[in-house]
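User: I am new to this structure and would be grateful for a close look at a single part of it, followed by an account of how that part sits within the whole.

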Amino acid sequence: MDLSVAIGAKKLLNPVGVASGTFGYGSEYENLIDLSELGAIYTKTVTLEPRAGNESPRIVETPSGILNSIGLANVGIDAFLSKKVPILARYSCAIISNIAGSTVDDYKVCLEKLEESEILWGYEVNISCPNVSHGGLAFGTDPVTVERLTSGLRKLTKKPLIIKLTPNVTDICSIAKAAESGGADAVSCINTLIGMVIDTRTKKPVLGNRTGGLSGPAIRPVGVAIVYRVKRSITIPVIGLGGIMTADDAIQYLLAGASAVQIGTGTFVDPGIPKQVLRGIKDYGEGEGFEKIGDFHGYIE
Ligand SMILES: Cc1cc2nc3c(=O)[nH]c(=O)nc-3n(C[C@H](O)[C@H](O)[C@H](O)COP(=O)(O)O)c2cc1C
């Protein structure tokens, strides 16, 4: 079975990647798994300036998931390019740099700097961040802003450009369409769902930031339904994520219309999950007589 997946002008060797923010800059896992077996590493969101992130505690367990408020802690674009990217050059998998900013110009400057690196395969754009020039609402909640941001970035690169959608909106399909009209090569969904845990003893939220993002198996049915709806509203590929722990979970995303998947919280439990998922997708596909990843599509009306 041909496991490759076309995104824009390039091809991922296989559909299984590891999700941004849950896999550091890749090298943190190099003694645990063979990184070259992955289809892609989506690196931790990088911003123009280094960020210390939110006040701790930053993670709390929830039923079948975790709530995090890391707050985009990262080394900043210059250290990312000089210290992190060269290490990733050792691996044959696609290195997809995830970027964020507080204004459209921040994103553009970030991408321009990353274009200097030949090691990076493509970009994933995190639009779940507050837009400071637009009242602090997340970029990803407004289709007009998403189209403007995407088309601004599109002009700066020929590499694959993936827009990562936030589920914290009323109509995610309108945001996906805006990304497609702006020239995105794919969308990935979903980022985390906003949540809160309160300690009834102290009567205070557990997380230092009060609210956080919910991830893990608890959100998988939400992610699968979103992929199903988004796939039917655009023609570019959809990359599915949210709560994948097993090959069966990933196959649900593929049947819903995803062309590739990412594993996030799952790797905290077992870094071997991406490899098991890839083997399971291949076994299932071959058992069904599929020749390519696209053959997973079309079963669900
Ligand atoms: C601790 C943690 C940190 C995260 N950091 C980022 C990040 O920096 N950028 C981003 O786009 N998504 C980030 N995410 C979201 C994940 O990439 C993913 O969209 C989400 O967790 C759903 O997938 P999962 O249930 O497999 O974890 C983070 C998630 C977790 C749990």
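In which loop is Ile 190 found?

Analyst: The model discussed here is predicted. Ile 190 is found in the loop that runs between β10 (186–189) and β11 (193–196). The peptide bond that joins Cys 189 to Ile 190 is cis, and its omega is about 25 degrees. Cys 189 carries the number at which β10 (186–189) ends.

Another cis peptide bond leads from Ser 56 to Pro 57, with omega near -5 degrees. Pro 57 also belongs to a loop, namely the one between β4 (40–42) and β5 (59–62). A further backbone feature concerns Leu 72, whose phi is near 55 degrees, a positive value in a residue other than glycine. Leu 72 is placed in the loop between β6 (65–68) and α1 (77–88).

The axes of helix α3 (residues 143–154) and helix α4 (residues 172–181) come within 7 Å and cross at roughly 25 degrees. Because of this angle, α3 is roughly parallel to α4. The crossing of α3 and α4 is right-handed. On the side of α3, the contact is made by Pro 143, Val 146, Glu 147 and Thr 150. On the side of α4, Ser 174, Ile 175, Ala 178, Ala 179 and Ser 181 take part. By class, the residues of this contact between α3 and α4 comprise five nonpolar, three polar and one charged.

Finally, the protein as a whole may be described. The protein contains eight helices and 16 strands. Along its principal axes, the C-alpha trace of the protein spans about 55 × 50 × 40 Å. The radius of gyration of the protein is 18 Å, which agrees with the value near 19 Å that a compact globule of 301 residues would have.

Definitions and conventions:
Residues numbered from 1 in each chain as written. Predicted model: local features only at pLDDT ≥ 70, side-chain atom pairs only at ≥ 80, totals over all residues. Axes fitted to C-alpha atoms, helices over the stretch in contact; angles between N-to-C directions. Helix = DSSP H or I, 4+ residues; strand = E, 2+ residues; numbered from the N terminus. Parallel < 35°, antiparallel > 145°, perpendicular 65-115°, else oblique. Left-handed = near helix turned anticlockwise from the far one by under 90°. Contact = placed C-beta atoms within 7 Å. Nonpolar A, V, L, I, M, F, W, Y, C, P; charged D, E, K, R; others polar. Rg over C-alpha atoms; globule rule 2.2 N^0.38 Å.
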